[in-house]
Amino acid sequence: MSKAFNPFEMAQTQFDRVADMLGLEPGVRELLRWPLREYHFTIPVRMDDGSVRVFRGFRVQHNDFRGPAKGGIRFHPQETADTVRALATWMTWKCAVVDIPLGGGKGGVICDPRKLSPREQEQICRGWVRQVFKNVGPVQDVPAPDVMTNGQHMLWMLDEYETLAGGHFPGFITGKPIGLGGSLGRTEATGFGVIYAVREAAKRLGLDIGKMSAAFQGFGNVSQYAAKLFRDYGGKVVCVSCWDGRDNASYTYRKKDGVDPDFLMSIVDSYGAIDREKALAAGYEALPGSEWIKQDVDILVPCALENQINAETAQLIPKRVKLLAEGANGPTTPEADAVLRERKIYVIPDFLCNAGGVTCSYFEQVQDNMNFFWEKDEVLKKLDTKLTNAFNAMADLVEKRGVYMRDAAYMIAIERVAQAARLRGRA
Ligand code: NAD
């Protein structure tokens, strides 16, 4: 049986390993191991049936030495304080590894938006902002969308923030709709960033991306655009998977000659659930969700939730797999990492691989500050440069020091934050 990892313990285990490698001084080490601040609160909502339901919300600010804390807000029924802590920690390393002037934060609400009306969701968004209003903002902590939250949720939150603050502060939150302070390219950014990194990794491995095949887990925001760009580069998308809330099960959708991301995007709902009947009618197979990892492909791209590749499932990875691109946050447990290392699978670690989203969020803030917005091509070009540079810095360190990819990315990120702590005189 594989160990069920607490995500925050996992984040700390990864940090400790690299802190040892870097020989971090005890003060800096203890400071960076824990969030700087945490807010836990309740959000009472008058439901459509007249009853009052109380939701639990969180905001964790792991670090802000390099700039305001930055990170998404997740709506999920299984949300926990430790998941939010872990995600906030990973945001600190993510912003540092792509070298943008932001720190790490994350928020969440324990709820299932699939079972809430738009009005009830709006009340949760506004209630969340009211509870942390004094502790978030453009120069303190900047939220963004994450699992099961989108531009509409961000706009309700922005509206509440601006109502309380009495002015326009579009830099309070990112992932806003286009025309209302949002950046072109944000929707594609995370998924495209995953594939920019895959393209660079393929070059390092001497492989042609156009001749490679990939299996994707999930078919939400990240996976959709990653699958699309991978296909546009000539790669074959063998399968994608998703969670189906109707029968609480996950499914892997596969088609003999490769799946068509554009078609599947036309039959997926806003939560990333593919319409099974329409997929079956179009000749797709609907296999159990666990099948995605067993496909005979060159690249695995987990883009769903954490803990998906563990000691048990890592054993199912076929011999052919050469590359693991972690689109999701924390998809691989430390036990599975050991298996990947031994098998010499090239891993693009989550906080670098999926940093396209936060990089574009940073571009969104920059554009908001200027009140001048770039064309989509310009955004994507800047994004490609940032991701390519970050990937190459990691890959160079891997080659120079012979360290594991995740360790190399952590070494770069942690050293940058540690240096900020030292220079600020915090440790
Ligand atoms: P999303 O809600 O849009 O999509 C999630 C997808 O995963 C959906 O298709 C869902 O059906 C699927 N899924 C859920 N449980 C599953 C299971 N057990 N098996 C198979 N599929 C399952 O979320 P997203 O925005 O695409 O985020 C996915 C991951 O990427 C998360 O870990 C998130 O934290 C991370 N991430 C997202 C962004 C972003 O910009 N959206 C940025 C960085 C990291």
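Q: In this predicted model, in which sense do strand 6 and strand 7 pair, and over how many bridges?
A: Strand 6 covers residues 213–217, and strand 7 covers residues 236–244. In this pair, Ala215 has Cys239 of strand 7 as its bridge partner. The two strands pair in the parallel sense, and the number of bridges is 3.

Q: Which residue of strand 8 stands opposite Cys239?
A: Strand 7 is joined to strand 8 (residues 249–254) by 6 bridges, and the two run antiparallel. Cys239 is also the partner of Ala215. In strand 8, the residue opposite Cys239 is Arg254.

Q: Which residue in the turn between strand 7 and strand 8 has a positive phi?
A: Strand 7 and strand 8 form a hairpin, with 4 residues between them. In that turn a phi of about 45° occurs, and the residue that has it is Asn248.

Q: How many of the residues of strand 7 are buried?
A: Strand 7 pairs with strand 6 in the parallel sense and with strand 8 in the antiparallel sense. Strand 7 is mostly covered, and the buried count among its 9 residues is 7.

Q: Which residues of strand 5 point the other way from Asp141, Pro143 and Pro145?
A: In a regular strand the side chains alternate between the two faces of the sheet. In strand 5 (residues 141–145), 5 of the 5 residues are buried. Asp141, Pro143 and Pro145 point one way, and the residues pointing the other way are Val142 and Ala144.

Q: Which residue stands opposite Asp141 of strand 5?
A: Strand 5 pairs with strand 3 (residues 69–75) in the parallel sense, over 5 bridges. The residue that stands opposite Asp141 is Ala69.

Q: Within what arc do the buried residues of helix 2 fall?
A: The buried residues of helix 2 are Val28, Leu32 and Arg33. Seen down the helix axis, these buried residues line one face of helix 2, because they fall within an arc of 130°.

Q: What covers the buried residues of helix 2?
A: Helix 2 spans 26–33, and its buried residues are Val28, Leu32 and Arg33. Their cover includes helix 1 (7–22), strand 2 (52–63), helix 3 (81–97) and helix 15 (405–424).

Q: Is Leu36 buried or partly exposed?
A: Leu36 lies in the loop between helix 2 and strand 1 (37–46). Among the residues that Leu36 touches are Leu31, Gln61 and Phe65. Since buried means under 20% relative accessible area, the 26% of Leu36 makes this residue partly exposed.

Q: How far apart in space are Leu36 and Gly104, C-alpha to C-alpha?
A: In sequence, Leu36 and Gly104 are 68 residues apart. In space, their C-alpha to C-alpha separation is 9.9 Å.

Q: What is the relative accessible area of Asp99?
A: Asp99 lies in the loop between helix 3 and strand 4 (104–109). Its phi is near 60°, a positive value in a residue other than glycine. Asp99 is partly exposed, with a relative accessible area of 40%.

Q: What is the relative accessible area of Thr333?
A: Thr333 is in the loop between strand 11 (323–325) and helix 11 (334–342). Its contacts include Phe5, Met10 and Asn307. Of these, Asn307 has a positive phi of about 65° and is partly exposed at 22% relative accessibility. Thr333, by contrast, is buried, with a relative accessible area of 1%.

Q: Why does the protein chain count as being as compact as a globular protein of its length?
A: The protein chain has 15 helices and 12 strands. For 427 residues the globule rule gives 22 Å, and the protein chain is as compact as a globular protein of that length because its value is close to this, with a radius of gyration of 20 Å.

Q: What percentage of the residues of the protein chain count as buried?
A: The protein chain exposes about 16800 Å², of which carbon and sulfur atoms supply 51%. Of its 427 residues, the share that counts as buried is 59%.

Notes
Residues are numbered from 1 along each chain as its sequence is written. This is a predicted model: local features need pLDDT of at least 70, side-chain atom pairs count only at pLDDT 80 or more; totals for chains, interfaces and linings use all residues. Side-chain values use heavy atoms; hydrogens and water are left out. Buried means under 20% relative accessible area, exposed over 50%, partly exposed in between (1.4 Å probe, protein chains only). Two strands pair if DSSP finds at least two bridges between them. The radius of gyration is taken over C-alpha atoms; the globule rule is 2.2 Å times the number of residues to the power 0.38. Accessible areas come from the Shrake-Rupley method with a 1.4 Å probe; for residues, only the protein chains shown count as cover. Contact means heavy atoms within 4.5 Å. The arc is that of the directions from the helix axis to the C-beta atoms. Lists of a residue's contacts leave out its neighbours within four places in sequence.
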